[in-house]
Amino acid sequence: MTHQPIDLAVHHQPKGASDAVAYGFVKALRFCADTFFAKRYGHRAVVLETVAAVPGMVGATLTHLKCLRRMESDKGWIKTLMDEAENERMHLMTFIEVAKPTLFERFVVVAAQWVFYLFFFGLYLVSSKTAHRVVGYFEEEAVISYTHYLAEIDEGRSENVPAPQIALDYWSLPAGATLRDVVEVVRADEAHHRDVNHSFANELRGLPQGVIAPCPPHVVLEPNWKAAA
């Protein structure tokens, strides 16, 4: 399979205290992840994708409420953030099939979700531009992690197992697709989220918008009641 190349070198240089705080926070999270998981990239993905699925939902909720209060347009932010949350959740569901998390790792998932949700909710209320910058930096690190994961697969240290059925269905991958194909398309998703959130933060600060990496095509999930209607 061939995938559209993404720019792996994208990095927003911190400008001002808000960006510096966001960057330092994400680097601290990166240190914790590297210490805890080392090169167990499948298990790392399970925990980190749980955290990554939180910001979109928080941002969509608070943006929705703000637009109701101010009686103004959301400029498409709510749907974009909801799509991001759903996409990250599908990453999690995919890597659960690959990594088979242990009971302890499931506990870490629950604890990390609650702690990060409360933190991010508070941060978004105080400074939405800092919150979006945190996500942009978080996704920069995700792109790096998945690039390392690809190297692990290519060099034979991680088995290139068949892609889970959930991944075949969601990204419409062909029969015979492998874990490498999944990691490539997930990395492209993360590059898209990286650029979108940096652009949101730029817009809130009145800075120029950057180039947005394309989002890989995937199935739009429909609620069950639509199928029954």
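This is a predicted model: local features need pLDDT of at least 70, side-chain atom pairs count only at pLDDT 80 or more; totals for chains, interfaces and linings use all residues.
On the α2 side, the residues in contact are H43, V46, V47, T50, V51, V54, P55, V58, G59, L62 and T63. They meet E105, V108, V109, A112, Q113, F116, Y117, F120, F121, Y124 and L125 in α4. Sort the residues of this contact by class and you get 16 nonpolar, five polar and one charged.

Now step back and look at how the pair is arranged. Two packed helices are described by the angle between their axes and the distance between the axes. Here α2 covers residues 41-70 and α4 covers residues 103-126. Their axes make an angle of about 30° and lie 9 Å apart. Angles under 35 degrees count as roughly parallel, and α2 and α4 are therefore roughly parallel to each other. As for the hand of the crossing, α2 and α4 cross in a right-handed way.

Next, the empty spaces. Rolling a probe the size of a water molecule over the atoms shows where empty space is left. How many cavities of 30 Å³ or more are there? The count comes to two.

Take the largest cavity to begin with. Its volume is about 220 Å³, and 18 residues line it. If you want to find its centre, look for L48, F138, E141, A142 and S145, the lining residues that lie nearest to it. Which of them gives the largest share? That is α5, with seven residues. By class, the lining of the largest cavity has eleven nonpolar residues, one polar and six charged.

The second largest cavity has a volume of about 40 Å³. Its lining is made of A52, P55, F116, V134, V135, F138 and E139. Two elements give two or more residues here, namely α2 and α5. Once again α5 provides the largest share, this time four residues. The lining of the second largest cavity divides into six nonpolar residues, no polar ones and one charged.

A few names turn up in more than one place. P55 in α2 and F116 in α4 belong to the helix contact we began with, and P55 and F116 also line the second largest cavity. F138 is another one to look for: it is among the residues nearest the centre of the largest cavity, and F138 lines the second largest cavity too.

Key. Residues are numbered from 1 along each chain as its sequence is written. Side-chain values use heavy atoms; hydrogens and water are left out. Axes are lines fitted to C-alpha atoms, for helices over the stretch in contact, and angles run from 0 to 180 degrees between N-to-C directions. Angles under 35 degrees count as roughly parallel, over 145 as roughly antiparallel, 65 to 115 as roughly perpendicular and the rest as oblique. A crossing is left-handed if the near helix is turned anticlockwise from the far one by less than a right angle, and right-handed if clockwise. Contact means heavy atoms within 4.5 Å. Ala, Val, Leu, Ile, Met, Phe, Trp, Tyr, Cys and Pro count as nonpolar, Asp, Glu, Lys and Arg as charged, and the others, Gly among them, as polar. On a 1 Å grid over the protein atoms alone, a cavity is a set of points where a 1.4 Å probe fits but cannot get out, and a pocket is an open set with protein on both sides within 12 Å along at least five of seven lines; lining residues have an atom within 4 Å of a point. Grid points are joined across faces, edges and corners, and a volume is the space filled by probe spheres set on the points.
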